[in-house]
Amino acid sequence: MSGYQIFLIVMFLFFFGSFMGWVLELFYRRFLSRANPERVWLNPGFLYGPCVPLYGFGTVILFILSEFESQIFGAFQKTIWFYFVMFFLMALVMTFIEYLAGLCSIKVMHIRLWDYSSQPGNIQGLICPQFTLIWGVLCAVYYFLLYPRLRVLVGWFIANPLFSFFIGVFFGVFVIDCAFSIHLGAIVRKRAGEIDRSVYESVDLQALQRKLQSHSGFFRLRAPRTLSEQLERFDDFLHRKPAAPEAAEQPEQF
């Protein structure tokens, strides 16, 4: 297998996992998340499109671990403890990816995408034991249900190289989406910083997203224009001038 084919497979796994993670997060935020008490549909993640890169990177790593499990575990693979160790390792990998993603969002983009500060044993509000356990359960579901079918999809993808055209399309849309979302985040940080510099380092993107989507609807093409209008109104508010006091009434002259 050539390096180009390996690259295409990695990109295929990345976009497949990113989309499936987006669907999973979509339903989680709608029905289970405490950050959404109104129970409305929210577009999850930082990007505008149906893509959560954290799950994309995780899918690539989990697929590699599953493919080379015999080389990694050797004879231990045939024991009953193999699955416990395998899923524990997968959960640690996903937790580490989640930590890196959260750390990059704060240190690079100065935006906090999630907050586990209320969970016991959390580290910087980015990871916690409770969600590590959830990752372990999801990894077990992946290994038994999704991985066998994903191998079939990868085999079909290799046998149909013309499908790589769509990978190029997805990659182009993904790059544009990243550029747009980063630019949008910079605008939000700038506006927040004009009000209070302490807000600059940690913008509650989820609260902002719920506010914007309550006015513009979920996943509509006209949402960017609606956001621009709101930012312009926000800018007018920041630079408003106090109203001139009414002239005091003059006493009547006799």
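A crossing of two helices is left-handed if the near helix is turned anticlockwise from the far one by less than a right angle, and right-handed if clockwise. The legends below rest on a predicted model, where local features need pLDDT of at least 70, side-chain atom pairs count only at pLDDT 80 or more, and totals for chains, interfaces and linings use all residues. Residues are numbered from 1 along each chain as its sequence is written, and side-chain values use heavy atoms, with hydrogens and water left out.

**View 1. Helix H1 against helix H5.**
H1 passes H5 in a right-handed crossing. Helices here are DSSP runs (H or I, at least four residues; strands are E, at least two), numbered from the N terminus. The angle between H1 and H5 is about 135°, and their axes lie 11 Å apart. H1 is therefore oblique to H5. Axes are lines fitted to C-alpha atoms, for helices over the stretch in contact, and angles run from 0 to 180 degrees between N-to-C directions. Angles under 35 degrees count as roughly parallel, over 145 as roughly antiparallel, 65 to 115 as roughly perpendicular and the rest as oblique. On the H1 side, the contact includes Leu8, Phe12 and Phe16. On the H5 side, Leu146, Leu150 and Phe157 are among the partners. Contact means heavy atoms within 4.5 Å. The contact has 15 nonpolar residues, one polar and no charged. Ala, Val, Leu, Ile, Met, Phe, Trp, Tyr, Cys and Pro count as nonpolar, Asp, Glu, Lys and Arg as charged, and the others, Gly among them, as polar.

**View 2. Helix H4 against helix H5.**
The axes of H4 and H5 come within 8 Å and cross at roughly 120°. That angle makes H4 oblique to H5. The crossing is right-handed. From H4, the residues in contact include Phe82, Met86, Met90 and Glu98. H5 answers with residues including Trp135, Gly136, Tyr143 and Phe144. By class, 13 are nonpolar, three polar and one charged.

**View 3. Helix H2 against helix H4.**
Here the axes come within 10 Å and cross at roughly 150°. H2 is therefore roughly antiparallel to H4. This crossing is right-handed. Phe57, Gly58 and Ile61 are among the H2 residues that meet H4. Met90, Val93 and Ile97 are among those that H4 supplies. The contact counts 12 nonpolar, two polar and one charged residues.

**View 4. The largest pocket.**
The largest pocket has a volume of about 1500 Å³. Its lining has 46 residues, and Glu25, Arg29, Leu113, Trp114 and Tyr116 are the closest to its centre. On a 1 Å grid over the protein atoms alone, a pocket is an open set of points where a 1.4 Å probe fits, with protein on both sides within 12 Å along at least five of seven lines; lining residues have an atom within 4 Å of a point. Grid points are joined across faces, edges and corners, and a volume is the space filled by probe spheres set on the points. Helices H1, H2, H4, H5, H6 and H8 each supply at least two lining residues. H4 gives the most, with six. The lining has 30 nonpolar, eight polar and eight charged residues.

**View 5. The second largest pocket.**
This pocket holds about 470 Å³ of space. It is lined by 20 residues, and Phe15, Phe19, Pro50, Cys51 and Phe170 lie nearest its centre. H1 and H6 are the elements that give two or more residues to this lining. By class, 17 of the lining residues are nonpolar, two polar and one charged.
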